[in-house]
Amino acid sequence: MHDDASSPSEWSPETLAVAAGRPPRTPDAPVNPALELTSTFVASTEPGARGYARFANPTWEALEAVLALLEAAHPSSGGGARAFASGMAAVSAVLEQVPVGGLVIAPEGAYNTTLGLLDHLEAKGRLRQRRVQPADTAAVQAALEGASPGDLLWLESPTNPLLEVADLPALCAAARAAGVRSCVDNTFATPLVQQPLELGADVVVHSVTKYLAGHSDVVLGAVVARDPGLLAELTRHRTLTGSIPGPFEAWLALRGVRTLHLRVERSQASAAELARRLSTHPAVARVRHPSLPSDPGHERAKAQMRGFGSVVSIEVRGGAAAATAVQDGVRLWLPATSLGGVESLVERRRRHPLEPVVVPEELLRLSVGVEDVEDLWSDLDAALTASQR
Ligand SMILES: *Cc1c(COP(=O)(O)O)cnc(C)c1O
């Protein structure tokens, strides 16, 4: 059991990341939750008994307690988090709440597999979708006019990999007024930088794989909400479909969350510094990062985020070939997909056939890690310069 009661909601997220989800402090108790490897539990007639390990697991519960508090979905007022086998399992659990034939309004540029899943479900007749430019508040509001209660507004902000910033308070309020549930994929920002539920969203999803776990050694997802009825439906979906996390993955993710604030602080600072330097690099045609005063999302990000995130996207002069040369030319940055780990990664996103065509061919997504920023800069600068020869 974790000790929610000793994690007051007035503590800052930085403190909660460290202090929440620990066992009760009884004499000689362990300070960390155990890695519970069991497929079943001794039969019990107590209410809420776990019963079988597809229904519940104490190691998941410790992680879920911390994620709920970080996203301001305090369990004492009915809120909570549910861990899933992957970020996509979490996305899928939320989409499954849309009634058959219902409408999902989604960004035209967002995480490619979320959009791929929407296409797949639409092709099977499971739901309808409408793609909008998420930074265009009026366009999203217009799309909501054609929506009915039960439909879903799907947002990601900043978006992967275009780093577009949606006006979350305005859009979540418009969705609520239309009787439409809003869900924000908060993977890029993390709850330390942005709390969508506080900004009016109904549901938050995370690829825990990324910043929350933070060490590129786990695939895991989570959904966070304040509505106990929705949480019960999400739990039912997880139990029925078996989209459950492994206990070891949950344990590793919680270990990662303990240093989330330190990692995010460092990588955000480095990302802003690299964005600033890249914006005058002769090999770079465009830098996308909301920290830049010239970025279209800058003012909005300042209003709704505590920082600007640690992913920077750049468009390399010379097209896809030059961008690929940068990806192949770095020695410290790792040429790999994914993001949010301690190590810096670089990837040309359009190498994936599923990547939306609104993403330029020459776009490189940079996931800035926690290495020395000068080492990151000199490696990237050398590969960019070499790409122009
Ligand atoms: C990676 C990612 C996902 C999917 O998460 P997995 O853990 O890989 O299933 C969803 N949304 C965003 C924004 C992501 O970056």
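How far from the sulfur of cysteine 183 is the closest cysteine sulfur? The legends below start with the whole chain and come to that question in the last view. Please keep in mind that this is a predicted model.

**View 1. The whole protein chain, for orientation.** A compact globule with 389 residues would have a radius of gyration near 21 Å, and the chain agrees because its own value is 21 Å. Of the 389 residues, 55% count as buried. The accessible surface comes to about 15700 Å², and carbon and sulfur atoms hold 55% of that area. Among contacts with a separation of 6 or more, 69% join residues 24 or more positions apart.

**View 2. An open sheet of 7 strands.** Follow the strands across in the order E1-E7-E6-E5-E4-E2-E3, and you will find that the pairing is mixed. Strand E1 (80–84) and strand E3 (128–132) stand at the edges; each has a single partner strand, so one side of each is left without a neighbour in the sheet. From one strand to the next, the twist averages 20°.

**View 3. Two helices packed on the sheet.** Helix H3 (residues 87–95) touches E1, strand E2 (103–107), strand E4 (152–156), strand E5 (181–185), E6 and E7. The direction of H3 makes about 155° with that of E6. Helix H4 (residues 112–123) also packs on the sheet, where it touches E2, E3 and E4. For H4, the angle to the direction of E3 is about 145°.

**View 4. Strand E7 and its two partners.** On one side, strand E6 (residues 203–207) pairs with strand E7 (residues 221–225) in the antiparallel sense over 5 bridges. Look for valine 203, whose bridge partner in E7 is alanine 225, and for valine 205, which stands opposite valine 223. E1 and E7 likewise pair in the antiparallel sense over 5 bridges. In that pairing, phenylalanine 84 has glycine 221 of E7 as its bridge partner.

**View 5. The side chains of E7, one by one.** Are the residues of E7 mostly covered or uncovered? E7 is mostly covered, with 5 of its 5 residues buried. Gly221, Val223 and Ala225 point one way from the strand, while Ala222 and Val224 point the other way, and all are buried.

**View 6. Cysteine 172 and cysteine 183.** Here is the answer to the opening question: the sulfur of cysteine 183 has its closest cysteine sulfur in cysteine 172, at 9.5 Å, which is too far for a bond. Seen from cysteine 172, the closest cysteine sulfur is that of cysteine 183, again at 9.5 Å and too far for a bond. A disulfide is a covalent bond between the sulfur atoms of two cysteines. The cut-off used for such a pair is 2.5 Å between sulfur atoms, and by this rule the count comes to 0 disulfides. Cysteine 172 counts as buried because its relative accessibility is 1%. Cysteine 183 is buried too, with a relative accessible area of 0%.

Methods: Residues are numbered from 1 along each chain as its sequence is written. This is a predicted model: local features need pLDDT of at least 70, side-chain atom pairs count only at pLDDT 80 or more; totals for chains, interfaces and linings use all residues. Side-chain values use heavy atoms; hydrogens and water are left out. Buried means under 20% relative accessible area, exposed over 50%, partly exposed in between (1.4 Å probe, protein chains only). Two strands pair if DSSP finds at least two bridges between them. Helices (H or I, at least four residues) and strands (E, at least two) are DSSP runs, numbered from the N terminus. Axes are lines fitted to C-alpha atoms, for helices over the stretch in contact, and angles run from 0 to 180 degrees between N-to-C directions. Contact means heavy atoms within 4.5 Å. The radius of gyration is taken over C-alpha atoms; the globule rule is 2.2 Å times the number of residues to the power 0.38. Accessible areas come from the Shrake-Rupley method with a 1.4 Å probe; for residues, only the protein chains shown count as cover.
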